[in-house]
Amino acid sequence: MQTDPRGFRFAAALTSMVLAVVLRTGNCPLLATQTVLLALGALGGLRLSPYVRLFQALVLPRLAPPSETADERTLRFDQGVLLVFAAVGTLGYCSDVTWLGALAVSAALTCAFVNAAFGYCVGCELYPLVRRARGRLTAGA
């Protein structure tokens, strides 16, 4: 399914802001909440992502139709990459292993920020590589 990538970039911008606050404060409940929001987008699809829904309700009606679309599978995969980093960060901050939390949140923040600021989706770039590797593993079994 094709989708408007601007909603995803909007979501990446909001995610970046939350992750920057978490990196500065080490706020475990805030990071746990962000992790749940990422899980909704990664596992339930972008239509369940609260940030994308916010974009669709408040921002999209004021914009022209998108000039390009993106494959939702790659965007969901990107949400999954962020979800893994956020989950590890949550584990780190909530168990007082703050170096692990800070490292994982820094990685997630980097991925989200480059998407929001430059339109470079790290998970979207990794998606074809992972699919190809899975195909080789399946074919070799």
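## Exercise 1: The largest cavity

The largest cavity is lined by Ala-11, Thr-15, Gln-34, Leu-37, Leu-38, Ser-49, Tyr-51 and Gln-79. The model is predicted, with local features needing pLDDT of at least 70 and side-chain atom pairs pLDDT 80 or more, while totals for chains, interfaces and linings use all residues. Residues are numbered from 1 along each chain as its sequence is written, and side-chain values use heavy atoms, without hydrogens and water.

**Task.** State which helix gives the largest share of the lining of the largest cavity, and describe the lining by class.

**Solution.** 

1. On a 1 Å grid over the protein atoms alone, a cavity is a set of points where a 1.4 Å probe fits but cannot get out, and lining residues have an atom within 4 Å of a point; a pocket is an open set with protein on both sides within 12 Å along at least five of seven lines.
2. Helices are DSSP runs (H or I, at least four residues) numbered from the N terminus.
3. The largest share, three residues, comes from H2.
4. The lining has four nonpolar, four polar and no charged residues. Here Ala, Val, Leu, Ile, Met, Phe, Trp, Tyr, Cys and Pro count as nonpolar, Asp, Glu, Lys and Arg as charged, and the others, Gly among them, as polar.

## Exercise 2: H1 against H2

**Task.** Describe how H1 and H2 pack, and name the residues that make the contact.

**Solution.** 

1. Two packed helices are described by the angle between their axes and the distance between the axes.
2. H1 (residues 5-25) and H2 (residues 28-44) pack at an angle of about 155°, with their axes 9 Å apart. Axes are lines fitted to C-alpha atoms over the stretch in contact, and angles run from 0 to 180 degrees between N-to-C directions.
3. H1 is therefore roughly antiparallel to H2 (an angle over 145 degrees).
4. Their crossing is left-handed (the near helix is turned anticlockwise from the far one by less than a right angle).
5. On H1, the contact (heavy atoms within 4.5 Å) is made by Thr-15, Val-18, Leu-19, Val-21 and Val-22, and on H2 by Leu-30, Leu-31, Gln-34 and Leu-38.
6. This contact has seven nonpolar, two polar and no charged residues.

## Exercise 3: H4 against H5

**Task.** Describe the packing of H4 and H5, and give the classes of the residues in contact.

**Solution.** 

1. H4 (residues 72-94) and H5 pack at an angle of about 155°, with their axes 7 Å apart.
2. H4 is therefore roughly antiparallel to H5, and H4 passes H5 in a left-handed crossing.
3. Among the residues in contact are Asp-78, Leu-82 and Phe-85 of H4 and Thr-98, Leu-100 and Gly-101 of H5.
4. By class, the contact has twelve nonpolar, five polar and one charged residues.

## Exercise 4: The largest pocket

**Task.** Name the residues that line the largest pocket, and state which helix gives the largest share.

**Solution.** 

1. The largest pocket has a volume of about 190 Å³.
2. Its lining consists of Pro-5, Arg-6, Phe-8, Arg-9, Glu-68, Ala-70, Leu-75, Asn-115, Gly-119 and Cys-121.
3. H1 gives the largest share, four residues.
4. By class, the lining has five nonpolar, two polar and three charged residues.

Terms used: Helices (H or I, at least four residues) and strands (E, at least two) are DSSP runs, numbered from the N terminus. Angles under 35 degrees count as roughly parallel, over 145 as roughly antiparallel, 65 to 115 as roughly perpendicular and the rest as oblique. Grid points are joined across faces, edges and corners, and a volume is the space filled by probe spheres set on the points.
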